[in-house]
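Subject: Structure handover

Hello,

Here is the structure we talked about. Please open it first, then read my notes below.

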Amino acid sequence: ALQPPAPPSTPAAGGRGGGGRGGGPRVAYSARWEGTLTPPTTGLFRFAVSGAGNAELTIGTHLVATMRPGSPNPAQGTVALDAGKPVPIKLDYTTRGGNNAAVRLGWQAPDAAMTAEAEKAAKDSDVAIVFVGERLGEGTDKQSLNLPGDQDDLIERVARINPRTIVVLNTPTAEAMPWIDRVAAVIYAGYPGQFSGDIISAVLFGDANPSGKLTITFPSDERQGPGSTPASYPGLDGQTVARDEDILIGYRYFDAKNQAPLFPFGYGLSYTTFSYGPLQLAATATGRAATIQITNSGARDGAEVVQLYLGYPAAANEAPRVLKGFDRVELKAKESKVVTIPLDDEALPVWDEAAKSWKTFPGVYTVSIGSSSRDIRAKATFTAQPRTAQPR
């Protein structure tokens, strides 16, 4: 742990701009620690910075880790170093002051013995299962799409030895998967809680048939999706961020820009398969309803999440498809059921900025039913008349 220097002496400030915990003065100040690190071995070194305040860790010419205020998790990064070759190390720290100002620096050298143990286990096993994860939370920005530390390297090493490698992701958001073509399967578990062992093992052993669907889009690389330019993230001057995606949030951006993601919104596999019949639209008292027959065409009981997306007339200036409803249907092997998803008239209006009201644009609307936002199985159209309503 590094002890920040004492802040500049100043009279105690009164009122709301006063001190931090304990009543001490809150004074902004900065510090820099510099030195030289001589690596004891060659390989990928992991560094972590934690505490309260802002911190940037630079190894050689590489900015390895960035800590921001309010983050409950350490900022991590890796850099490849050569044994016996000294490199400069610099830690810049700033704080608004108060009694909780602190910064901690930790590092871990590559452990050849642990890597060899993992590789041997993969070689001696019928199936290799690699659990990887990332901790994020309030005040923590994801620095890149890659898994933190040397986890991607671990997956690559194991998969080279055992092609029947399964990766279990305990992460709260999308991750890059440079190894996706070299592993047999991926389970996106998210943060499943205290029963995660029971849940994941039931899926791995086939005792449970998965039916979950992604609530986010996994881009194929960092050039895809909103926030993929320096102007939109992290900002050109470190503070000002261009919100240039407008209404194209999430999967809507990928659809509008014709980008093929790694895994689309609404995606999810099952140990069985499902077939979709033709789509029927029927009028109801509140609008219309979409009806479709779903068949479990495989040999296992399972569940499918049927998704309804709406396409607007061009004048509405909306995304190509917008999720408007879904339903989860459980089916025994070879069983069929009819699924009905309502599409009320209240689901049609979009915000008209000029009129400052919600407006249903006249024209042809397309209803798409699918297993994900990119796996559309059936379509139908209807025509709507113009309608304006006051904001609800």
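The protein holds 4 helices and 21 strands. Please keep in mind that this is a predicted model.

**Overall numbers**

The C-alpha trace spans about 75 × 65 × 35 Å along its principal axes. The protein has 392 residues, and 38% of them are buried. I also looked at contacts between residues at least 6 apart in sequence. Of these, 68% join residues at least 24 apart. The accessible surface is about 21,700 Å². Carbon and sulfur atoms account for 51% of that surface.

On charges, there are 38 positive side chains and 39 negative ones. The centres of the two sets lie 3 Å apart.

For a place to look, take Thr366: it stands opposite Thr381 in β20.

The loop between β14 (302-311) and β15 contains Asn317. Check its backbone. Phi of Asn317 is near 55°, which is positive, and the residue is not glycine. Is Asn317 buried or exposed? Asn317 has a relative accessible area of 61%, so it counts as exposed; the cut-off for exposed is over 50%.

**The three-strand sheet**

Another open sheet has 3 strands, ordered β5-β2-β7. Here too the pairing is antiparallel. The edge strands are β5 (75-81) and β7 (102-108), and each pairs on one side only. From one strand to the next, the twist averages 20°.

Strand β2 runs over residues 43-52. It pairs with β5 over 7 bridges in the antiparallel sense. Val49 stands opposite Ala75 in β5.

Several residues of α2 are buried: Gln151, Asp152, Ile155, Glu156, Val158 and Ala159. What do the buried residues of α2 pack against? The partners are β2, α1 (112-123), β8 and β9 (165-170). Strand β2 is also part of the three-strand sheet.

Glu134 sits in the loop between β8 (128-133) and α2 (151-161). Glu134 has a relative accessible area of 10%. The cut-off for buried is under 20%, so Glu134 counts as buried. Which residues does Glu134 contact, leaving aside neighbours within four places in sequence? They are Lys142, Pro148, Asn170, Thr171, Pro172, Glu175 and Tyr191.

Strand β17 covers residues 350-352, and strand β18 covers 357-360. They pair in the antiparallel sense over 3 bridges. Trp351 has Trp358 in β18 as its bridge partner.

The hairpin has 4 residues between the strands. Lys356 lies in this loop. Phi of Lys356 is near 55°, a positive value in a residue other than glycine.

Asp237 is in the loop between α3 (196-204) and α4 (251-256). With a relative accessible area of 52%, Asp237 is exposed. Asp237 and Ile187 are 50 residues apart along the chain. Their C-alpha atoms are separated by 38 Å.

**Where to look**

For a quick pass, I would go through these places:

- Val49 and Ala75, opposite each other across β2 and β5.
- Glu134, buried in its loop.
- Asn317, with its positive phi.
- Lys356, with a positive phi in the hairpin of β17 and β18.

Best wishes

Technical notes. Residues are numbered from 1 along each chain as its sequence is written. This is a predicted model: local features need pLDDT of at least 70, side-chain atom pairs count only at pLDDT 80 or more; totals for chains, interfaces and linings use all residues. Side-chain values use heavy atoms; hydrogens and water are left out. Helices (H or I, at least four residues) and strands (E, at least two) are DSSP runs, numbered from the N terminus. Buried means under 20% relative accessible area, exposed over 50%, partly exposed in between (1.4 Å probe, protein chains only). Contact means heavy atoms within 4.5 Å. Accessible areas come from the Shrake-Rupley method with a 1.4 Å probe; for residues, only the protein chains shown count as cover. Lys and Arg count as positive and Asp and Glu as negative; His and the chain ends are not counted. The place of a charge is taken as NZ of Lys, CZ of Arg, CG of Asp or CD of Glu. Two strands pair if DSSP finds at least two bridges between them. Axes are lines fitted to C-alpha atoms, for helices over the stretch in contact, and angles run from 0 to 180 degrees between N-to-C directions.
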